[in-house]
There are 2 protein chains.
Amino acid sequence: MSSQRATAFVPGHVTAFFSAHPADDPAAAGSRGAGVTLTDGVTVRVSAADGAVDGATGDDTAADDDTNGDAVAVDDATADAGSRTIDGESGSIGAVEDVLDDLNATGADVAVETDLPIGAGFGVSGAAALGAALAANAAFDRGRSENDLVRTAHAAEVGRGTGLGDVVAQARGGVPVRLEPGAPGVGELDGVPASARVEYVTFGELSTEAVLGGDTTALSAAGEAALDRLRDDPRLPTLLDAARGFAREADLLVPEVAEAVEAVDAAGGEAAMAMLGRTVFALGTGLSDAGYDPRACRVDAAGARLVGGPDRE
Amino acid sequence: MSSQRATAFVPGHVTAFFSAHPADDPAAAGSRGAGVTLTDGVTVRVSAADGAVDGATGDDTAADDDTNGDAVAVDDATADAGSRTIDGESGSIGAVEDVLDDLNATGADVAVETDLPIGAGFGVSGAAALGAALAANAAFDRGRSENDLVRTAHAAEVGRGTGLGDVVAQARGGVPVRLEPGAPGVGELDGVPASARVEYVTFGELSTEAVLGGDTTALSAAGEAALDRLRDDPRLPTLLDAARGFAREADLLVPEVAEAVEAVDAAGGEAAMAMLGRTVFALGTGLSDAGYDPRACRVDAAGARLVGGPDRE
C-alpha cells in the first residue's frame, strides 16, 4: 500500500445564473442555478509518498518519529507536507488544502493542471478541490463514498468563499440545474439533456469573493427568476436567454462581455456571461461566427471521475 | 423541425445485490442496492419521420386526417406507428413502448443496438427505455428535463416488472449505490469512487419477472444487510464480497455461476453473480486468470448520455 498515485479529472463549469443561499453548515450552504460543464477541465494528480500513505492511522507513527515527543503538534501537515504545483509552478489552493486535511492526506504531492483560465468563471478552484478529494481518496485508499467526497470538496469551497455551486455541478457533469442548494444529501439536482459544442473567450478575472461577500439580495432574486424560466423550459437556448437576463438584472455585465454577447446575437448565435468571470461562452460556433477567436470544447457528459490510479488496472 | 434524429448511449448495469421496495406509484417503487455500470451498453437511435415530429401537439392533426371522425381512437400509435428493431431485427420492448407513448413519440422509428446479452442481468430493457427517453426527447424537441426523462423510463420499467433499480443506476453511471428506492426526486443515490476493468461471462437467461413476482422477503433482508456492509466500507472489493453473500443468502446462485465465482476466487480474484442473470462478473482480469474467455469492458464513468442528435453540432 506504499507509494500510490491516483489522478482525477473534473470538468470546468460556467455558471449561467444563480441565487446565493448561505448557511452556517457549509454542507447546507450553496446556490441554486444552472450552468454548463465542459470537457476542458482540471486534472489533479496525487502521489502518496512512502510513509504518507499510512496517514489515516499514522498519527501514532508520526509521533514515533517525533523526537520532541510533542504528539499534538505532529500531524502529516507539519511533519511531511508534500509538494503543491499548479500547471507545474509551485502554488496551492485553499480549498484543496482543506480537502487534503480532511482526508488526512496533506503529506501527498499534489499537482493541479488545467488549460482553463483561473479566476475567470470556470470553477477551477472547485474542480481542483473535488479532483483532490477523488484522487487522494484513491491514492490513500481512504474508503470514502462519492457523496462523502463531493460533500468534503463542497464544504471546503464554501468555507473558502470561492464558490457555492460549482462542486456539485462538476461532480454531476452535463448541464446541471441546481434545484436546491447544498452538498449531496441536502441539495437537489436536475439537468438539461443536451450535448453541444461550447466556445468561450476570457477577458480577465473577476473576484468571486468580492461579489459573494457583498449584498446578494437583488442578484438572488434575478437568479430565482431565471431558474423558474429554465424549469419551465429545460432547453439550452432558454438557459442562455435566462443567463443574459440574469446578468442584466443582477448588474454583473462587464463591457467586453456585453459586447461579445451582442456580437454573437447579431450573428444569429446564443451566448452569455460566465458567472463570475470576465468570460463569454456560446453554443456551437457562436463566437467564431461573430469574429472572435474562441477556445472550443463540448458539454462534459461524465462529470468528475478517476482517470488513473490504483483501481485503474 | 421535421425529420430529426437523435442517438443515446446507456451503459449496461450489473446489480450486485438489492432489496425490493414495491409501491403503488411507479416513481416511488424501486430497489435499494448497488451495482456496476459498464462501458458495454445499449445504443438507441430515434428518427422522427416527417410529420411525426409534430406529435406533441398533433392529435388534432391526426384527427383531421381521420376520415372516420373517431378522434378518440386516433393517436400517433395507431395512425403512424414507426418501425422497431433490436440489433437490426424487428422487435420491440414493452418499457420502450411505454416511454415513447409518454413522450407522444410512438410514430418514430426506433433502433435498439447492443452487444450485451439480453435477459442475462445487464439491465438491457432499462437501458433501452432510458435511451429511448433521451433520444426521443431530443429528436422530437420535447423539452423534458433529465430527471423527468429518468422518471419516465423508471416508471415504464417498474410498470412492466422488468427491473426496479437499473434505470436510476444507468442514468448516474460509475458504481451506483441506491440508498433509497425510486426515481429522481424520490430515490437517493451515492457511489463507490472507482475506475476498473470489468470482465463478464454469461451462461444464459434468468427471468427477472419470475423472481420479482415471487416472495422477496428473504431476498430483501439479505439485500439490506449487504447494503449496510457497503455503506460502512464503500470499496469495490467489499461490493463484490457483499454480492457473494447476498447471492448465497437469497438462494439465487446457479451452479455455473457458483463454479465461476469459486474459480476466480481460487485464482486470487474478485467475482460475483449479476442480479438477475446467469452471469458472473469480475474485477480486473479475474475471469481470464481463472481460465475463462470473458468479454471485457470498464466501469462507465458518464452514465446515460446523448451521443448524437439535433444538439450535437
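Guide: Before we turn to the strands, one term is needed: two strands are said to pair if DSSP finds at least two bridges between them. Please also keep in mind that this is a predicted model.

Visitor: How many bridges join strand β8 of chain A to strand β10 of chain A?

Guide: Strand β8 of chain A covers residues 197–204, and strand β10 of chain A covers residues 278–283. The two run antiparallel, and one position along them is marked by A:Glu199, which stands opposite A:Ala282 in β10(A). The number of bridges that join these strands is six.

Visitor: In what order do the four strands of the open sheet in chain A lie?

Guide: The edge strands of this sheet are β9 (271–274) and β11 (295–298) of chain A, each of which pairs on one side only. Neighbouring strands are turned by 30° against each other on average, direction ignored. The pairing is antiparallel, and the order is β9-β10-β8-β11.

Visitor: Which strands of chain A does helix α10 touch as it packs on the sheet?

Guide: Helix α9 (residues 236–249) of chain A packs on the sheet and touches β9 and β10 of chain A, with its direction making about 55° with that of β9(A). Helix α10 (residues 255–266) of chain A packs on the sheet as well, and its direction makes about 15° with that of β10(A). The strands that helix α10 touches are β8, β9 and β10 of chain A.

Visitor: Turning to chain B, why is one side of β9 and of β11 left without a neighbour in the sheet?

Guide: In chain B, four strands form an open sheet in the order β9-β10-β8-β11, with antiparallel pairing. Strands β9 (271–273) and β11 (295–298) of chain B stand at the edges of this sheet, so one side of each is left without a neighbour there, the reason being that each has a single partner strand.

Visitor: By what turn can chain A be laid on chain B, and of what kind of axis is that the relation?

Guide: Chain A can be laid on chain B with an RMSD of 0.0 Å by a turn of 180° and a shift of 0.0 Å along the axis.

Visitor: Which residue of chain A has the C-alpha nearest the axis?

Guide: The C-alpha in question lies 1.8 Å from the axis, and the residue it belongs to is A:Ala302.

Terms used. Residues numbered from 1 in each chain as written. Chains lettered and ligands numbered in written order. Predicted model: local features only at pLDDT ≥ 70, side-chain atom pairs only at ≥ 80, totals over all residues. Heavy atoms only, no water. Least-squares fit on C-alpha atoms with pLDDT ≥ 70 in both. Axes fitted to C-alpha atoms, helices over the stretch in contact; angles between N-to-C directions. Contact = heavy atoms within 4.5 Å.
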